[in-house]
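Work through these exercises on nonpolar packing and aromatic pairs. Each task comes with a stepwise solution.

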Amino acid sequence: MANFAHIPKIRIFAVLAVFLMAFAPFIVPVENVSAASGDGGTYAFGTGRNNYGQMGQGDTDDVLSPARIGDFIGVSGLVASDSTAFIIEDGKVYGFGRNNLHQQGDGTTNDVLTPKRIGSFTAATAVACSESTTFVLEGGRLYGFGHNQ
């Protein structure tokens with residue numbers, strides 16, 4: 001256990017205040033997280049809630065420990081919520097999870113339980129999603145789909 005007794009309390013509070021001012025806009029409470037690992041795998045973990053298939057395991061059973069999602073290589077731009085989306089090294093975009101508002105971009109409102117290619121993107125550089133929308137940046141153009149309210 002680290003001992004911070006030698007650091008004046010005012011300095012600790014100052015550092016904490018700066019951290020919160022800088023990062024608070026980006027701190028979002030999420031129940032599920034997905035991450036790319038050093039072994040090239042992509043894993044889902046979090047509270048385990050999987051009621052929309054947002055853990056990417058092919059079902060809606062809760063996932064209580066990190067679970068590998070497919071065999072994707074070079075995953076980047078991975079974001080997770082009730083919907084999850086990510087980019088693989090060749091610029092293709094995949095997603096899974098909630099789709100009640102077309103946020104998976106497949107023209108349906110059926111939840112997606114395993115990673116499914118989104119659109120025909122081949123050079124995507126960024127992706128963002130929430131529980132109701134997904135955005136993809138490709139070639140300097142921003143594409144959005146899902147809830148439009």
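**Exercise 1.** Is Phe 121 buried or exposed?

*Solution.* The model is predicted: local features need pLDDT of at least 70, side-chain atom pairs count only at pLDDT 80 or more, and totals for chains, interfaces and linings use all residues. Residues are numbered from 1 along each chain as its sequence is written, and side-chain values use heavy atoms, without hydrogens and water. Take the cut-offs: buried is under 20% relative accessible area, exposed over 50%, partly exposed in between (1.4 Å probe, protein chains only). Phe 121 has a relative accessible area of 9%, so Phe 121 is buried.

**Exercise 2.** Find the largest nonpolar core and its main contributor.

*Solution.* A nonpolar core is a set of buried Ala, Val, Leu, Ile, Met, Phe, Trp, Tyr and Cys residues joined through side-chain atoms within 4.5 Å. The largest has 10 residues, including Ile 87, Phe 121, Ala 124 and Phe 145. Strands S5 (83-87) and S8 (124-129) each give two or more residues. Strands here are DSSP runs (E, at least two residues), numbered from the N terminus. S8 supplies the largest share, three residues.

**Exercise 3.** Describe the ring geometry of Phe 86 and Phe 96.

*Solution.* Rings of Phe, Tyr and Trp (its six-membered ring) pair if their centres lie within 6.5 Å; planes under 30 degrees apart are stacked, over 60 edge-to-face, the rest tilted. Phe 86 and Phe 96 are edge-to-face, with 6.4 Å centre to centre and 65° between the planes. Phe 86 lies in strand S5 and Phe 96 in strand S6 (residues 93-97), so the pair ties together parts 10 residues apart in sequence. Phe 86 is buried at 0% relative accessible area, and Phe 96 is buried at 1%.

Key. Helices (H or I, at least four residues) and strands (E, at least two) are DSSP runs, numbered from the N terminus.
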